[in-house]
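Please keep the sequence and the model side by side while reading this note.

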Amino acid sequence: MSEPRVVYLTGGAQGIGLGIAEHLLARGDCVALTDIDAEALAECRERLGHAERLLAMVSDVRDEARVAESLEATVARFGRLDGVIHNAGLADPFQGPVESLPLATWQAYLDTNLTGAMLCAKHAAPHLRESRGAMVLMASTRALQSEPDTEAYAASKGGVVALTHALAVSLGPEIRVNAISPGWIEVGDWQKASNRTPVEHREVDRDQHPVGRVGRPEDIATMAAFLLSDEAGFITGQNLVVDGGMTRRMIYAE
C-alpha cells in the first residue's frame, strides 16, 4: 500500500464521494472533504469518525473564493496536499427536451460539474507541484454515450474528459491528472438519512452488466485511490471507465 496521503475531496458527504472518503480513511489517509449540504456533512462526520484525520467543510465548488479557502484550510490543517478528487456535481442527467431546456439549468450543470473541476485544479496546483501529487476528476459514461434529453449533463461530463487531458499536459510532469467515468453505481443507501432508499435490483439490472451486478461506491473508491498512488505513476491524461463492462455490451432491439 502507498504511504498515507492528504486528499482534498469535493462532494464527499453522500454517494460515491462518501464511499471514497470512507475508503481513504480506512487505508490511513487524511481527508479534507467539502459538500454544499450541511445536513449531509454533519451525518458523514459522525459516520466516518477518524476526527484526527478528517476535515469536513461546507463549501460550494462554483464559488472560487470558497474553493481557495477550503484548500488553504486543508494545507493549514494537515501541512501539505497530495491528492485532489473532484466528485461534486449535479447528478440527475435528465433535464427534458433541449427545446425547452432553461439556460440557467444548462449553466448550473457546467458551473458545478466542469467549472468546479477547473477551480479545484487552479487552486490546488501550487500545492500539488510541491508534493508531485495527482488529481482525479469524476466524469461519467454519459460523456461517451447518451440517452435522450441529457444534453446539459452529457456536455458537462464530456468537458471533464477534455479538461483532464488538457490539465495532464499543462501540469505534467509534476502533477498527474486522470478522470474516472462511473457507470451505474448504486448509491441509494449512501445518502443522508432523509434521502436514503432501499436497494432493490432486478435480474435484468444485474444481467446487463457483464460482471453480473450493479456497481457500488467502493468500486469507484478503489480506482480513485489507485490513481492517486505511486503505482499509477505512469498513468496520466486518461479517462478510466468503471462500469462493469456495461458500455461494451452491444444491444439490439427485439
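1. Pro173 sits in the loop between H5 and S6, and the peptide bond that joins Gly172 to Pro173 is cis, with omega about 5°. Helices (H or I, at least four residues) and strands (E, at least two) are DSSP runs, numbered from the N terminus.

2. Please bear in mind that this is a predicted model, in which local features need pLDDT of at least 70 and side-chain atom pairs count only at pLDDT 80 or more, while totals for chains, interfaces and linings use all residues. Residues are numbered from 1 along each chain as its sequence is written, and side-chain values use heavy atoms, with hydrogens and water left out.

3. The seven strands form an open sheet with parallel pairing, in the order S3-S2-S1-S4-S5-S6-S7, where two strands pair if DSSP finds at least two bridges between them. Strand S3 (54–58) and strand S7 (239–242) stand at the edges with a single partner strand each, so one side of each has no neighbour in the sheet. From one strand to the next the twist averages 15°, with axes being lines fitted to C-alpha atoms, for helices over the stretch in contact, and angles running from 0 to 180 degrees between N-to-C directions.

4. Strand S6 (residues 176–182) pairs with S7 in the parallel sense over four bridges, and Ile180 stands opposite Leu240 in S7. Helix H7 (residues 217–228) packs on the sheet and touches S1, S4, S5, S6 and S7, its direction making about 170° with that of S6; contact here means heavy atoms within 4.5 Å.

5. The largest pocket has a volume of about 1,300 Å³. On a 1 Å grid over the protein atoms alone, a pocket is an open set of points where a 1.4 Å probe fits, with protein on both sides within 12 Å along at least five of seven lines, and lining residues have an atom within 4 Å of a point. Grid points are joined across faces, edges and corners, and a volume is the space filled by probe spheres set on the points.

6. Of the 41 residues lining this largest pocket, Ile16, Leu90, Ala91, Asp92 and Tyr153 lie nearest its centre. The largest share of the lining, three residues, comes from H1. The lining divides into 15 nonpolar, 16 polar and ten charged residues, where Ala, Val, Leu, Ile, Met, Phe, Trp, Tyr, Cys and Pro count as nonpolar, Asp, Glu, Lys and Arg as charged, and the others, Gly among them, as polar.

7. How are Tyr109 and Tyr153 arranged as an aromatic pair? They are edge-to-face, at 6.3 Å centre to centre and 80° between the planes; rings of Phe, Tyr and Trp (its six-membered ring) pair if their centres lie within 6.5 Å, with planes under 30 degrees apart counted as stacked, over 60 as edge-to-face and the rest as tilted. Tyr109 belongs to helix H4 and Tyr153 to helix H5, so the pair ties together parts that are 44 residues apart in sequence.
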